[in-house]
Amino acid sequence: MIVIPAIDLKEGKCVRLEQGLMDRDTVYNDNPAAQALAWEAKGAELLHIVDLDGAFAGKPKNRGAIEAIVNALKIPTQLGGGIRDLATIEAYFRMGVGRVIIGTAAQRNPELVQEACRKFPGRIVVGIDAKNGMVAVQGWAEVTGVTAIDLAKKFEGFGVAAIVYTDINRDGMMQGPNIEATKALAEAIDIPVIASGGVSTLRDLENLMAVETAGISGAITGKAIYSGAIDLSEAVALTKRGVAC
């Protein structure tokens, strides 16, 4: 399991939200590329980028900042937010993004995921964001009647590289990840799961590592590394060293 730092973009700046609410944001850096380089310097192996404005608008909104990040880094990136069609996916790959995350469009149009996986094998990730176990879309503004596990099962056999599972109630709240729900999702499917939302201490990472054999390949952390609650270098060292289960 690897630890993956997150950069969330709003109006070209690096921010963190609480529970996905755009009016509850904190700006951490107005130079996202510089922030990305800082995380790379601390040993990050992969960077998670979210175009928050794009997620709400349904189309890319922070291309300049994204391109600056990608051009600055040596490590690979994965990007989500406002990706609704193949043209957008292709444009981001041309820009140099390593993997794209399809979220809202995956729930509404699973065929897009299938087609994208066929065209770009190993480079398509599905983002599943859940509130009380139910999938939320459109920048988390709309909660559906579909469970996270039922949605994830639709993508079995497509060739999806990973599923990023976010517990919205935990995101940005520094309350720890939803270990039980993440483990249950990972056990229900054959696709690797990346945990997101609530990772706030090294102990949280240890708890996820203790169940990583269920199929958990990574953990995204954001607010904790910005606030200093987690030192990213220590977190990377911990995941490389492993922990006794």
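## Helices and strands

Helices here are DSSP runs of H or I with at least four residues, and strands are runs of E with at least two, both numbered from the N terminus. Counted that way, the chain has eleven helices and twelve strands. Please keep in mind as you look around that this is a predicted model.

## The chain as a whole

Let's start with the overall build. For 245 residues, a compact globule would have a radius of gyration near 18 Å, and the value of 16 Å for this chain agrees with that. Along the principal axes, the C-alpha atoms fill a box of roughly 40 × 40 × 35 Å.

What share of the residues is buried? Buried residues make up 55% of the 245. Now take the contacts between residues at least 6 apart in sequence: 70% of them join residues at least 24 apart.

## A buried leucine, L9

Next, find strand β1, which covers residues 2-10 and includes L9. Is L9 buried or exposed? Its relative accessible area is 0%, and buried means under 20%, so L9 is buried.

L9 also shows how the fold brings separate parts of the sequence together. L9 and D51 are 42 residues apart in sequence, yet their C-alpha atoms are 5.1 Å apart in space. Leaving aside residues up to four places away in sequence, L9 touches P32, I49, V50, D51, L52, D53, N62, A65, I66 and I69.

## Two helices that meet

Two packed helices are described by the angle between their axes and the distance between the axes. For helix α3 (residues 63-72) and helix α4 (residues 86-95), the axes come within 10 Å and cross at roughly 40°. The two helices are therefore oblique to each other.

Which residues make this contact? From α3 come R63, I66, E67, V70 and N71, and they meet A91, Y92 and M95 of α4. By type, the residues of this contact divide into five nonpolar, one polar and two charged.

Most residues other than glycine have a negative phi. E11 is not a glycine, yet it has a positive phi of about 50°. E11 sits in the loop between β1 and β2 and is exposed, with a relative accessible area of 64%.

N132 also has a positive phi, near 55°. Look for N132 in the loop between β7 (124-131) and β8 (134-137). N132 counts as exposed, at 66% relative accessibility.

Key
Residues numbered from 1 in each chain as written. Predicted model: local features only at pLDDT ≥ 70, side-chain atom pairs only at ≥ 80, totals over all residues. Heavy atoms only, no water. Buried < 20%, exposed > 50% of the residue type's maximum accessible area, 1.4 Å probe, protein only. Contact = heavy atoms within 4.5 Å. Axes fitted to C-alpha atoms, helices over the stretch in contact; angles between N-to-C directions. Parallel < 35°, antiparallel > 145°, perpendicular 65-115°, else oblique. Nonpolar A, V, L, I, M, F, W, Y, C, P; charged D, E, K, R; others polar. Rg over C-alpha atoms; globule rule 2.2 N^0.38 Å.
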